[in-house]
Amino acid sequence: MIKATDLVRPLMPFPELLDRENALRKALAEQVQTRTMSLLERNIQIQKLHSQLLDEERSRLSAATADGSKPQLAVTQWRQSNGESCGRLGGDSGACY
């Protein structure tokens, strides 16, 4: 997943937000592998951070001058990923990363 998001990073208005998500993703993957955390718990943590990052992005974008351009499809897909349903058992795995 981290390698896949490397393609999106240059398209992001604030790539450091994606870096923060990927850092957590890597740390949680290690915990899942060592069985100190369940996959469901990992999904909940990713969803929470993803939501916080989207809020931060919105805040930054509203403070910046709007140029009227539309975001790239990959950026839109990242924004829509890891919704609240990802933290539930049997969540929408098609959009949970």
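Visitor: Is Arg 9 buried, partly exposed or exposed?

Guide: Arg 9 is partly exposed, at 32% relative accessibility. Buried means under 20% relative accessible area, exposed over 50%, and partly exposed in between (1.4 Å probe, protein chains only).

Visitor: What should I know about the model?

Guide: This is a predicted model: local features need pLDDT of at least 70, side-chain atom pairs count only at pLDDT 80 or more, and totals for chains, interfaces and linings use all residues. Residues are numbered from 1 along each chain as its sequence is written, and side-chain values use heavy atoms, with hydrogens and water left out.

Visitor: Which residue forms a salt bridge with Arg 9?

Guide: Side chains of opposite charge can pair when their charged atoms come close. The rule here is a side-chain nitrogen of Lys or Arg within 4 Å of a carboxyl oxygen of Asp or Glu. Asp 19 is the partner of Arg 9, with the closest N and O atoms 2.6 Å apart. The pair links distant parts of the chain: Asp 19 lies in helix α2, Arg 9 in the loop between α1 (2-6) and α2, 10 residues apart. Helices are DSSP runs (H or I, at least four residues), numbered from the N terminus. Asp 19 is partly exposed, with a relative accessible area of 32%.

Visitor: How many salt bridges does the rule give?

Guide: The count comes to 6.

Visitor: Which residues are linked in a network of salt bridges?

Guide: Glu 16, Arg 20, Glu 56 and Arg 60. Arg 60 meets Glu 16 at 2.2 Å, N to O. That pair joins helix α3 to helix α2, 44 residues apart. Arg 20 meets Glu 56 at 3.0 Å, N to O. Here Arg 20 sits in α2 and Glu 56 in α3, 36 residues apart. Arg 20 is partly exposed at 38%, and Glu 56 counts as partly exposed at 25%.

Visitor: What span should helix α3 have?

Guide: The expected span is 1.5 Å times one less than the number of residues. Helix α3 (residues 39-63) has 25 residues, so it should span 36 Å; its end C-alpha atoms are 36 Å apart, which agrees.

Visitor: Which residues of α3 are buried?

Guide: An α-helix has 3.6 residues a turn, so residues three or four places apart point the same way. In α3 the buried residues include Ile 46, Leu 49, His 50, Leu 53, Leu 54 and Glu 57. What covers the buried residues of α3 includes α2 (15-33) and α4 (73-80).

Visitor: What is the phi of Arg 35?

Guide: Most residues other than glycine have a negative phi. Arg 35 has a positive value, near 65°. Arg 35 lies in the loop between α2 and α3. Arg 35 is exposed, with a relative accessible area of 75%.

Note on methods:
Helices (H or I, at least four residues) and strands (E, at least two) are DSSP runs, numbered from the N terminus. Contact means heavy atoms within 4.5 Å.
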